[in-house]
Amino acid sequence: MGSKHNPPGNNRSRSTLSLLVVVGLCCFFYLLGAWQKSGFGKGDSIAMEITKQAQCTDIVTELDFEPHHNTVKIPHKADPKPVSFKACDVKLKDYTPCQEQDRAMKFLRENMIYRERHCPPDNEKLRCLVPAPKGYMTPFPWPKSRDYVHYANAPFKSLTVEKAGQNWVQFQGNVFKFPGGGTMFPQGADAYIEELASVIPIKDGSVRTALDTGCGVASWGAYMLKRNVLAMSFAPRDNHEAQVQFALERGVPAIIAVLGSILLPYPARAFDMAQCSRCLIPWTANEGTYLMEVDRVLRPGGYWVLSGPPINWKTWHKTWNRTKAELNAEQKRIEDITESLCWEKKYEKGDIAIFRKKINDRSCDRSTPVNTCKRKDTDDIWYKEIETCVTPFPKVSSEEEVAGGELKKFPERLFAVPPSISKGLINGVDENSYQEDIDLWKKRLIAYKRINRLIGSTRYRNVMDMNAGLGGFAAALESPKSWVMNVIPTINKNTLSVVYERGLIGIYHDWCEGFSTYPRTYDFIHASGVFSLYQHSCKLEDILLETDRILRPEGIVIFRDEVDVLNDVRKIADGMRWDTKLLDHEDGPLVPEKILVAVKQYWVAGDDGNSSPSSSSSSSDTSEEE
């Protein structure tokens, strides 16, 4: 019953109003909480520790997951059983699965076939963790790493004796010193590059990507970095121990490769210049096939440098123990081949000759017709045999037009619309979606730096993107402090031409196989969608074990993928001596894509997985450079 002051109708109205107020407040606070935890609010503190090892304290203190991301609880579905991987035998500390000597010797030596990639079948793949050698130390930060490498990281002294008179490398105490010399520039790469720069526009941004064939310890590439030129160096794994390993320890891009019977893993028209500094490649063999392959990857208007035999044969023929007639005929044959490729000799002085590829074929004056390659897709090159044919120039409408499209000078080139996109050559990508990709990766990199503020510093010098797309991650990260190997999986859309047109470098690769590098050569490995891409092609654990092989102790990985896939990945990674965290997407918990962040623990051969405080640190004078 009610009174005259409180009629029954009023009570019902007030009860309804109260209920609405309570529901409204609940909704408000729920939305407020969701907003805070989505990455745009301040959120609650979430305790975060990537690793408990003393050597990682410099990394841990820089990690900040608290106000920006939420740790994701792993769904309780049919989880795979945790696997703990054992360490491989110490004799495998420098294991390169597709370039192992024992396997290589089973193949023909003709055309360097035995030095090419020969990967183990599935039943012979290692299912163990490749150990670091005892005494392994974090590499010196760039630019000091250009000149010094810890002996314990690559304990190979043969080059210090074999190349002693050429200033390749010297052994001093517990480090190797790299004076910057080479067979054709024993007084240093700087003077050699300055001579090249008198003919080639190296300094103004016209030249950004370069190829060094038979690179030795990559001193040319190391000193080209001073000119903001990214040189992709390669050398085989042969009796010159650890050439590529030394290059990567120095912080210089390099892969294990050889000019042999298969095409190089680069797209057509990738490089602004290429060089051979006494690389001993038989340029006139097989009717000039190797020069034709350099021509395929050289951009119209690009330069090729040849220093060493047979150039300057009048001076060196006795030293080379060859006749004048033989060397003169070899040089003439090289010049005949370059003429057939539409190259023009621009310079010859002393030990150096410089040729320039013409910008199109309209001004080409070939004395004899050439065999033109008939491949429909000039970038379909993975494991394809080299043919004795000339890759045709793209069509042009005038003599002044650059075949394939003219590029801006670097750094404007980095974000300008690449010709492959403006000409509609990349399926599903136009100028608008390209700009969206730029904006997306700039945003994502900001989020990554909130996770780890050392990203972008010299702490992570050698970086890899396992599924690079248009090169957006590398472009956002671009800095003299680091470089990125942009990998385009062979089963994904072919966009590597875009990567090179932006002034970045990269390679084709199939992640079901081992990568063409030594163990412990990358500081930071990034992958977006790579596990979803390969989940029906090969075992996730094989991709993760290969990632572990090429990642340095205390290096980091950032994987982006669907949560179910990352759940499986994390179960495997937790058995690999990685410390992991699964995080929400930077746009909030409702986005199905998640982020897995991991740090590889420091351990060496013979360890039980626990490191000692003094074992992984660099020399005392190798402080971080922001």
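Modeller: Before we start, one term: a residue is buried when its relative accessible area is under 20%. Keep in mind that we are looking at a predicted model. With that cut-off, Leu-540, Asp-542, Ile-543, Leu-544, Leu-545, Glu-546, Thr-547, Asp-548, Arg-549 and Ile-550 in helix α17 are buried.

Colleague: What makes you say that helix α17 is largely enclosed?

Modeller: It's the count: 10 of the 11 residues in α17 (540–550) are buried, so the rest of the structure largely encloses this helix.

Colleague: What share of the chain counts as buried?

Modeller: 56% of the 626 residues do. The chain has 18 helices and 17 strands.

Colleague: Which residues have the most contacts inside the largest nonpolar core?

Modeller: Trp-220, Tyr-266, Met-273, Trp-283, Trp-304, Trp-511 and Phe-559, in a core of 137 residues. Helix α18 (563–573) gives the most to this core, namely six residues. At least three core residues come from each of domain 1 (185–393) and domain 2 (419–600). There's also a second, separate core of 10 residues, with Val-149, Ala-154, Val-169 and Phe-246 among them.

Colleague: Why does Trp-511 count as buried?

Modeller: Its relative accessibility is 1%, and the cut-off is under 20%, so Trp-511 is buried. Beyond four places away in sequence, Trp-511 touches residues including Met-464, Met-466, Val-487, Pro-489, Tyr-534 and Cys-538. It also touches Ile-543, Glu-546 and Ile-550, and those three are among the buried residues of α17.

Colleague: Why is the pair of Trp-511 and Phe-515 called stacked?

Modeller: A pair of aromatic rings is described by the distance of the centres and the angle of the planes. For Trp-511 and Phe-515 the centres are 5.6 Å apart and the planes are at 15 degrees. Pairing needs centres within 6.5 Å, and stacking needs planes under 30 degrees apart, so this pair is stacked. Phe-515 is buried too, at 1% relative accessibility.

Colleague: And why is the pair of Phe-473 and Phe-524 edge-to-face?

Modeller: The ring centres are 5.9 Å apart and the planes are at 85 degrees. Edge-to-face takes an angle over 60, so Phe-473 and Phe-524 qualify.

Colleague: What parts does the pair of Phe-473 and Phe-524 tie together?

Modeller: Phe-473 sits in helix α14 and Phe-524 in strand β14, so the pair links parts 51 residues apart in sequence. Phe-473 is buried at 1% relative accessibility, and Phe-524 is buried with a relative accessible area of 1%. The structure holds 20 aromatic pairs. One aromatic cluster is formed by Tyr-151, Phe-171, Phe-176, Phe-178 and Phe-246.

Colleague: How many residues does helix α13 have, and how far does it reach?

Modeller: Helix α13 (431–451) has 21 residues and reaches 31 Å from first C-alpha to last, close to the expected 30 Å. At the start of α13, a side-chain oxygen of Asp-430 comes within 3.1 Å of the backbone nitrogen of Asn-432. The buried residues of α13 include Tyr-434, Trp-441 and Tyr-448, and α14 and β14 are among the elements covering the buried part of α13.

Colleague: Where does Ser-457 lie?

Modeller: In the loop between α13 and β11 (462–465). The side chain of Ser-457 reaches the backbone oxygen of Leu-454 at 2.7 Å. The C-alpha atoms of Ser-457 and Trp-142 are 9.5 Å apart, although 315 residues separate them along the chain.

Colleague: Why does His-118 count as buried?

Modeller: Its relative accessible area is 13%, and that falls under 20%, so His-118 is buried. His-118 lies in the loop between α3 (101–104) and α4 (144–147). A polar atom of the His-118 side chain lies 2.7 Å from the backbone oxygen of Ile-113. Leaving aside neighbours within four places, His-118 is in contact with Pro-97, Cys-98, Arg-103, Phe-107 and Ile-113.

How values were computed. Residues are numbered from 1 along each chain as its sequence is written. This is a predicted model: local features need pLDDT of at least 70, side-chain atom pairs count only at pLDDT 80 or more; totals for chains, interfaces and linings use all residues. Side-chain values use heavy atoms; hydrogens and water are left out. A nonpolar core is a set of buried Ala, Val, Leu, Ile, Met, Phe, Trp, Tyr and Cys residues joined through side-chain atoms within 4.5 Å. Buried means under 20% relative accessible area, exposed over 50%, partly exposed in between (1.4 Å probe, protein chains only). Helices (H or I, at least four residues) and strands (E, at least two) are DSSP runs, numbered from the N terminus. Domain bounds come from an automatic or database domain assignment. Contact means heavy atoms within 4.5 Å. The expected span of a helix is 1.5 Å times one less than its number of residues. A polar contact is a pair of N or O atoms within 3.5 Å; within protein, one must be able to donate a hydrogen and the other to accept it, and residues adjacent in sequence count only if both atoms are side-chain atoms. Rings of Phe, Tyr and Trp (its six-membered ring) pair if their centres lie within 6.5 Å; planes under 30 degrees apart count as stacked, over 60 as edge-to-face and the rest as tilted.
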